[in-house]
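Please look over the sequence and the structure shown below before reading on. The report then goes through the chain step by step.

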Amino acid sequence: CALPISLAGADWLITGEGRSDLQTLLGKTPHVVARRAALRGVPATLLSGGIERAALPALGRTFAGCFSLVFGPMTLAQAIADSPGLLADSAEQLGRLLRGVARAP
């Protein structure tokens, strides 16, 4: 897979997809970029519309953390319609987490 990805100077990679499950680890883009990041010592976080709970142990071997955009039950149509805000909210929370970790003694 010839993905144009630059990790020069990166401390952290955030990647994702609509729904993450075991198929994610079969060469889908989030897995490929996470593996490339790992080769450079850059941790990768998975931020997806939904994550299959049973896949978390396997996903956790590739990703430093796996997070879903939805905060509770909603229809697929609602999730799609609200995706910009859901993504922004979750990305902000991940940023806050990273900032908190960076400040820790």
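What radius of gyration does the chain of 105 residues have, and how does that agree with a compact globule?

## Overall size and confidence

The chain has a radius of gyration of 14 Å, which agrees with the value near 13 Å that a compact globule of 105 residues would have; the radius is taken over C-alpha atoms, and the globule rule is 2.2 Å times the number of residues to the power 0.38. Along the principal axes, the C-alpha atoms fill a box of roughly 40 × 35 × 25 Å.

This is a predicted model, in which local features need pLDDT of at least 70 and side-chain atom pairs count only at pLDDT 80 or more, while totals for chains, interfaces and linings use all residues. Residues are numbered from 1 along each chain as its sequence is written, and side-chain values use heavy atoms, with hydrogens and water left out. The average pLDDT of the chain (the predictor's confidence in each residue, from 0 to 100) is 88, and 90% of the residues score at least 70.

## Helices and strands

The chain holds four helices and five strands, where helices (H or I, at least four residues) and strands (E, at least two) are DSSP runs numbered from the N terminus. Read along the sequence, these elements follow the pattern β-β-α-β-β-α-β-α-α.

Three strands form an open sheet in the order 1-3-5, with parallel pairing; two strands pair if DSSP finds at least two bridges between them. Strand 1 (13-15) and strand 5 (65-68) are the edge strands, each pairing on one side only. Neighbouring strands of this sheet are turned by 20° against each other on average, direction ignored.

Strand 1 is joined to strand 3 by three bridges, and Ile14 has Thr45 of strand 3 as its bridge partner. Four bridges join strand 3 to strand 5, where Thr45 is partnered with Gly65 and Leu46 with Cys66.

Strand 3 is largely enclosed by the rest of the structure, because five of its five residues are buried (under 20% relative accessible area, with exposed over 50% and partly exposed in between, for a 1.4 Å probe and protein chains only). In a regular strand the side chains alternate between the two faces of the sheet. Here Ala44, Leu46 and Ser48 point one way from strand 3, whereas Thr45 and Leu47 point the other way.

Leaving aside neighbours within four places in sequence, Phe63 is in contact (heavy atoms within 4.5 Å) with Thr15, Thr24, Leu25, Pro30, His31, Ala34, Ala44, Thr45 and Leu46. Over the chain, residues 24 or more positions apart account for 58% of the contacts with a separation of 6 or more.

## A residue in helix 4

Glu92 lies in helix 4 (residues 83-103) and is partly exposed, with a relative accessible area of 40%. Glu92 and Glu52 are 40 residues apart in sequence and 22 Å apart in space, C-alpha to C-alpha.

Notes:
Axes are lines fitted to C-alpha atoms, for helices over the stretch in contact, and angles run from 0 to 180 degrees between N-to-C directions.
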